[in-house]
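Dear colleague,

Here is the structure I said I would pass on. My notes on what turned up in it follow below.

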Amino acid sequence: MRLINLRWRPIERGLVISIMLMKTTTPPQDETDEGTPVSVKIRERLVQARMRFHANDNISAFIQPGEMESLLDEVEVKMQTVLDSLVIDTVGDHNTGNTARRVAKMYLNEVFNGRYVAAPAITEFPNAEHLNELMIVGPITIRSACSHHFCPVIGKIWIGILPNEHTNVIGLSKYARLAEWIMGRPQIQEEAVVQLADLIMEKTQPDGLAIVMEASHYCMAWRGVKDMDSKMINSVMRGVFLKDSTLRREFLALIPRKG
């Protein structure tokens, strides 16, 4: 910036100087962020903290109050561009007029909600009666989406717990809530079961944990080979379930799976 009319009267020169100072002062942070997409702000916080933000990661700690609504608006706009690129007349077609908004709400508030909200509150109780017998919870119905094609993954989970006197006891419904939180992200089944096992081990500290998941993957049923009957079954064993084959067989035998 350059000055002109340097021969102005002192009062005018002072006015010019004050204007220059105002123009060269760094604007407040919220003004510099104006116009920056909220997804970019969240991503920058994650990068600065050196935190991973893969499809199946929870990023709720890096989302500030009010940003989810802005993120919803942003996803809606971008979803509209996808519909436009698919050559769908969302103006003339009464069926798709509000599809961009509906899809944005579905992903953020429902299907992938486990990425954007904190873990559900879990009330834990001491194992006052020193329970140490095998307990099985399930089948718990789970709904997710594969991170390869965003196609539905629908299935069931069985959870086996072998508590000890120091194990935290949680309500049966809480296992379902933890599973829902983990599965509410783009997932592959092998990683999802491990994430759930890690979470339950952290919350309850049992002697052993066993999880079996059986699910249908619509990336196989809806597209690709279009096989409607195939399922994927996998398991995770922790603690005594790894060491004690008799206990492991007991758990697997007690699961009332149907073909």
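**Thr96 and its contacts**

Leaving aside neighbours within four places in sequence, Thr96 is in contact with Ile88, Asp89, Thr90 and Arg102. Please keep in mind throughout that this is a predicted model. Thr96 is found in the loop between helix H4 (67-85) and H5. Its relative accessibility is 15%, so Thr96 counts as buried.

**Cysteines**

How many disulfides does a search of the whole structure find? The search finds zero. Cys146 is in no disulfide, and the nearest cysteine sulfur, that of Cys219, is 4.1 Å away. As for accessibility, Cys146 counts as buried because its relative value is 3%. Cys219 counts as buried too, at 16% relative accessibility.

**Aromatic rings**

A search of the whole structure finds four aromatic pairs. One of them is Tyr107 with Phe150: the ring centres are 5.9 Å apart and the planes are at 55°, so this pair is tilted. The pair links distant parts of the chain, with Tyr107 in helix H5 (residues 99-111) and Phe150 in the loop between strand E2 (135-146) and strand E3 (152-162), 43 residues apart. Tyr107 counts as partly exposed, at 23% relative accessibility. Phe150 also counts as partly exposed, and its relative accessibility is 41%.

Is Phe112 buried or exposed? Phe112 has a relative accessible area of 5%, so it is buried. Taken together, Tyr107, Phe112 and Phe150 form one aromatic cluster.

A charged side chain also meets a ring elsewhere: Arg185 lies over the face of Trp181, at 4.4 Å from the ring centre.

**Largest pocket**

The volume of the largest pocket is about 620 Å³. Its lining is made up of 20 residues, and those nearest its centre are Ser39, Leu71, Val75, Arg115 and Tyr116. Which elements give two or more residues to this lining? They are helix H3 (38-48), H4, H5 and H6. H4 supplies the largest share of the lining, six residues.

**Asn132**

Asn132 lies in the loop between strand E1 (124-126) and E2. Not counting residues up to four places away in sequence, Asn132 touches Leu162 and Pro163. The C-alpha atoms of Asn132 and Asn164 are separated by 5.1 Å, while the two residues are 32 apart along the chain.

**Where to look**

Regards

Key
Residues are numbered from 1 along each chain as its sequence is written. This is a predicted model: local features need pLDDT of at least 70, side-chain atom pairs count only at pLDDT 80 or more; totals for chains, interfaces and linings use all residues. Side-chain values use heavy atoms; hydrogens and water are left out. A disulfide is a pair of cysteine sulfur atoms within 2.5 Å. Buried means under 20% relative accessible area, exposed over 50%, partly exposed in between (1.4 Å probe, protein chains only). Rings of Phe, Tyr and Trp (its six-membered ring) pair if their centres lie within 6.5 Å; planes under 30 degrees apart count as stacked, over 60 as edge-to-face and the rest as tilted. Helices (H or I, at least four residues) and strands (E, at least two) are DSSP runs, numbered from the N terminus. A charge sits over a ring if NZ of Lys or CZ of Arg is within 6 Å of the ring centre and within 35 degrees of the ring normal. Contact means heavy atoms within 4.5 Å. On a 1 Å grid over the protein atoms alone, a cavity is a set of points where a 1.4 Å probe fits but cannot get out, and a pocket is an open set with protein on both sides within 12 Å along at least five of seven lines; lining residues have an atom within 4 Å of a point. Grid points are joined across faces, edges and corners, and a volume is the space filled by probe spheres set on the points.
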